[in-house]
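Below are some notes for a colleague who is about to look at this model.

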Amino acid sequence: MSKHTIVLIPGDGIGPEVTRATQRVLAAAGLDVEWVELPAGATALDQGYDNVLPARTVAAIQAHKVALKGPVTTPVGKGFKSVNVQLRQKLKLYAAVRPVRSLAGIKTRFENVDLVIVRENTEGLYSGIENEIVPGVVTSLKVASEAACTRISRYAFRYATRRHRKRITVFHKANIMKLSDGLFLDCARRIHEEEYPNIDYDEVIIDAGCMKLVQDPSKMDVLLMENLYGDLVSDLCAGLVGGLGCVPGSNIGDDAAVFEAVHGSAPDIAGRGIANPLALIMSSVMMLNHLHEDEIANKIRSAYDAVLAEGKSLTRDLGGNAGTEEFADAVMGKLK
Ligand code: NAI
């Protein structure tokens, strides 16, 4: 395979720690890559940029089409518009895909979790359109467009078909948000009926869906939902398989893709060398598959599976004592 050029965004908090560990694993596995390292988040402001998402960073991803991204910190209730929301909207990364699977060696209440969350990534309540109507009264606009709901539905059905998945379940709240979530359902139903009748399809009101997930996740398969619901349900599902250190993700558009873990910048443990890099290593495996580097992807997957199954080098979030680099070393030691 030819040399790849990949944009690397180390990000904030634990971001630089987990991206460094992931880069080492990729190098040891033999990926031929030129990294184009650029900032985003608080780090960008620290480096003198006037925005948390510098135009240079966006332009580099547009040019090279693939990025590996660490998490970034988003201040609560003030400051710049979220880097992630900006990035996903600017690059039209309309599909967030988050596989959530039980891992051998990680003990949780369930052993057979195998879910994929497909989240609409560009609109909904994350459109960022908020107004103070009069002092003391604010509105937050939830946007649903037929084009975006159709696009994400088609993506989810196509994904399910290619990955031999059986069923798509839409999580919604169309009993209350009759127009916006109603439109999402209309689009999903139409794609199912007209284009993918062979994939089973059902719908569940999100509150009941969350209960069903924590009772028996093996009953579900691919979960399709709008932006905010996907954000929340991703973390809930992470809790089913060992936590945020174990769930990878990708943000996919027609022209670019950004791979990042589901977790955030974890300021509570940043700078201590104890963050679990597994979720970003797993995200990098998704990136390798996207780049058709399946052999290297399989090598890394087998290596971290072996480390987890052995259980000697787990990070603290998984009940062990290993640090970030120690876990990466263990994965590198299992590469064949
Ligand atoms: P978080 O995911 O950063 O942390 C939640 C909890 O999980 C913390 O206790 C943390 O220590 C733990 N955790 C997360 N990742 C871990 C890892 N790899 N290894 C070990 N433990 C891990 O969520 P939180 O605290 O709500 O958000 C912190 C910041 O991250 C916020 O500014 C938020 O906006 C941002 N964020 C950024 C995301 C991104 O850039 N994609 C995604 C989610 C949050």
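1. In this predicted model, helix 7 passes helix 8 in a right-handed crossing. The two helices, residues 206-215 for helix 7 and residues 227-238 for helix 8, pack at an angle of about 15 degrees, and their axes lie 11 Å apart. Because angles under 35 degrees count as roughly parallel, helix 7 is roughly parallel to helix 8.

2. As for the residues that make this contact, helix 7 brings I206, C210, L213 and V214, which meet Y229, V233, L236 and C237 of helix 8. Sorted by class, the contact of helix 7 with helix 8 consists of eight nonpolar residues, with no polar and no charged ones.

3. Turning to the open spaces, the largest pocket holds about 840 Å³ of space. It is lined by 31 residues, of which T74, S82, N84, V85 and Y126 are the closest to the centre of the pocket. The elements that give two or more residues to this lining are helix 4, residues 83-90, and helix 8, and helix 4 gives the most, with three residues.

4. The class make-up of the lining of the largest pocket is eleven nonpolar, ten polar and ten charged residues, which may be set beside the contact of helix 7 with helix 8, where eight nonpolar residues are found and no polar or charged ones.

5. How many cavities of 30 Å³ or more are there? The count comes to two, and the largest cavity has a volume of about 70 Å³. Its lining is made up of E120, E123, G124, K142, V143, A144, C149, S180, D181, F184, E226 and N227. Helix 6, residues 180-195, gives the most to this lining, with three residues. By class, the residues that line the largest cavity divide into five charged, four nonpolar and three polar.

6. The second largest cavity has a volume of about 30 Å³, and the residues that line this cavity are V18, K69, G70, P71, E260, A261, H263 and L280. Here the lining has four nonpolar, two polar and two charged residues.

7. For the second largest cavity, K69 and E260 are among the lining residues.

Note on methods. Residues are numbered from 1 along each chain as its sequence is written. This is a predicted model: local features need pLDDT of at least 70, side-chain atom pairs count only at pLDDT 80 or more; totals for chains, interfaces and linings use all residues. Side-chain values use heavy atoms; hydrogens and water are left out. Axes are lines fitted to C-alpha atoms, for helices over the stretch in contact, and angles run from 0 to 180 degrees between N-to-C directions. Helices (H or I, at least four residues) and strands (E, at least two) are DSSP runs, numbered from the N terminus. Angles under 35 degrees count as roughly parallel, over 145 as roughly antiparallel, 65 to 115 as roughly perpendicular and the rest as oblique. A crossing is left-handed if the near helix is turned anticlockwise from the far one by less than a right angle, and right-handed if clockwise. Contact means heavy atoms within 4.5 Å. Ala, Val, Leu, Ile, Met, Phe, Trp, Tyr, Cys and Pro count as nonpolar, Asp, Glu, Lys and Arg as charged, and the others, Gly among them, as polar. On a 1 Å grid over the protein atoms alone, a cavity is a set of points where a 1.4 Å probe fits but cannot get out, and a pocket is an open set with protein on both sides within 12 Å along at least five of seven lines; lining residues have an atom within 4 Å of a point. Grid points are joined across faces, edges and corners, and a volume is the space filled by probe spheres set on the points.
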